[in-house]
Amino acid sequence: MSTIERAEVFVASPGRNFVTLRITTSDGVTGLGDATLNGRELAVASYLKDHLVPLLIGRDPARIEDIWQYLYKGAYWRRGPVTMTAIAAVDMALWDIKGKVANLPVYQLLGGRSREGVMVYSHASGTDVPSLLDDVARFRDLGYQAIRAQAAVPGIGGSYGVRKGVVYEPASTSLPDEQPWSTEAYLDFAPTYLTQVREKFGFGFHLLHDVHHRLTPIEAARFGKAVEDVRLFWMEDPTPAENQDAFRLIRQHTTTPIATGEILNSIWDVKDLITGQLIDYVRTTVTHAGGITHLRRIFDLAALYQVRTGSHGATDLSPVSLAAAVHVDLTVPNFGIQEYMPHVAETMEVFRTGVTLEKGMLNLSDAPGLGVEYDEKAAERYPYDPKYLPVARRLDGSVHDW
């Protein structure tokens, strides 16, 4: 019987910080998992190295479900982003190994394709409305079928979600960038530029918008009502998801579809949102919600209530995570959309992947397992570089939700 012989944790910053787990079996088969938690990378790396890796040695890598339950239930203090991200990395690596042993891509082990490709959305943004419209036009020309639109609020120094230069990376400073925020200005401005996007480009593509948790429930309801004629594919994270009853209030006032869940980590965190049909898209990720094994449980529950998937997929997740997400997306019956941002060249020096993009759709090679390789030597050229996400402050100086 093959056993887990070695498990290594790599922390590197090829364009941004990533935590990667590599498990090696006694038969010499390797599997990769993504353990990246943006701005808290070292916490997960320590959890893996100091707490999970010693528990894996000598175990049967084929017993994916048993190992998942062992790591989850054995912790006693369960759930949370650090624990679930660490377990997710192990889970991904074990699925990668299982696929290589079977000589099949992981999506075949999950039941095979339910679709020919995975529709993604891009991130158009601008420092003002004209530059946003130019960016939307650029993505339309590239063939994207779905585009998220964000513009900087006039007169406000910081507008989270607006790309600076070519690369969108909000975790960009060695200490958190404290950015000003005005809800009143945002509520007055955002519906106007979304309307201008539709007026210029029409309704022949999906239009999305991210609120970044920054509204109270009634403010979110007001926003959703104001943009109903824009026919958003979704408004994302309209209010902090810790208060899940808030989504019931939003539902009472608007028919704009709601997406949330990228910062939620388990099926128990999203159960009421799904069973109460308070959201239309669940955005949990393969990396932060316990890996392929647990994400499938969330998506299966969502399917029972006609809630579709829309997983977070920014570049704060490595190409390992992206590949794992696409394997799941290809198979689940209630797939909705996948967030996608291309990784920079430095990242792709370290990770080699069979994920391809064509006409706004992601697809996979038929390589066994997840189809991703990790170049340890290349990673050594990019040491860990501490970076933090920004903190929003109201104009009166108090800390605001984001």
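Biologist: Hi! How many helices and strands are there in the protein?

Modeller: There are 13 helices and 17 strands. Both are DSSP runs numbered from the N terminus, with at least four residues (H or I) for a helix and at least two (E) for a strand. This is a predicted model, where local features need pLDDT of at least 70 and side-chain atom pairs count only at pLDDT 80 or more, while totals for chains, interfaces and linings use all residues. Residues are numbered from 1 along each chain as its sequence is written, and side-chain values use heavy atoms, with hydrogens and water left out.

Biologist: Thanks! What radius of gyration does the protein have?

Modeller: The protein has 21 Å, which agrees with the value near 21 Å for a compact globule of 402 residues. That radius is taken over C-alpha atoms, and the globule rule is 2.2 Å times the number of residues to the power 0.38. Along the principal axes, the C-alpha atoms fill a box of roughly 65 × 45 × 45 Å.

Biologist: And what share of the residues is buried?

Modeller: Buried residues make up 58% of the 402. Buried means under 20% relative accessible area, exposed means over 50%, and partly exposed is in between (1.4 Å probe, protein chains only).

Biologist: Let's zoom in. Where is Met-119 found?

Modeller: Met-119 is in strand S4, which covers residues 118-126. Its relative accessible area is 13%, so Met-119 is buried.

Biologist: Which residues does Met-119 touch?

Modeller: Not counting residues up to four places away in sequence, Met-119 touches several residues, including Gln-145, His-206, Phe-233 and Phe-335. Contact here means heavy atoms within 4.5 Å.

Biologist: Tell me about Phe-335, then. Is Phe-335 buried or exposed?

Modeller: Phe-335 is buried, with a relative accessible area of 10%. Phe-335 lies in the loop between helix H11 (319-331) and strand S12 (338-339). Leaving aside neighbours within four places in sequence, the contacts of Phe-335 include Arg-115, Val-118, Met-119 and Asp-329.

Biologist: New topic: why does Thr-83 count as buried?

Modeller: Thr-83 counts as buried because its relative accessibility is 7%. You will find Thr-83 in helix H3, residues 81-102. Beyond its neighbours within four places in sequence, Thr-83 is in contact with Tyr-47 and Trp-77.

Biologist: What lies 3.5 Å from a polar atom of the Thr-83 side chain?

Modeller: That is the backbone oxygen of Arg-79. A polar contact is a pair of N or O atoms within 3.5 Å; within protein, one must be able to donate a hydrogen and the other to accept it, and residues adjacent in sequence count only if both atoms are side-chain atoms.

Biologist: Where does Arg-79 lie?

Modeller: Arg-79 lies in the loop between helix H2 (64-73) and H3. Arg-79 has a positive phi of about 65° although it is not a glycine. Most residues other than glycine have a negative phi. At 32% relative accessibility, Arg-79 counts as partly exposed.

Biologist: What is the phi of Gln-277?

Modeller: Gln-277 has a positive phi of about 50°, and Gln-277 is not a glycine. Its loop runs between helix H9 (267-275) and strand S10 (281-282).

Biologist: Last one: where does Thr-254 lie?

Modeller: Thr-254 is in the loop between helix H8 (246-253) and strand S9 (258-260). A polar atom of the Thr-254 side chain lies 3.0 Å from the backbone oxygen of Gly-224. Thr-254 counts as buried at 5% relative accessibility.
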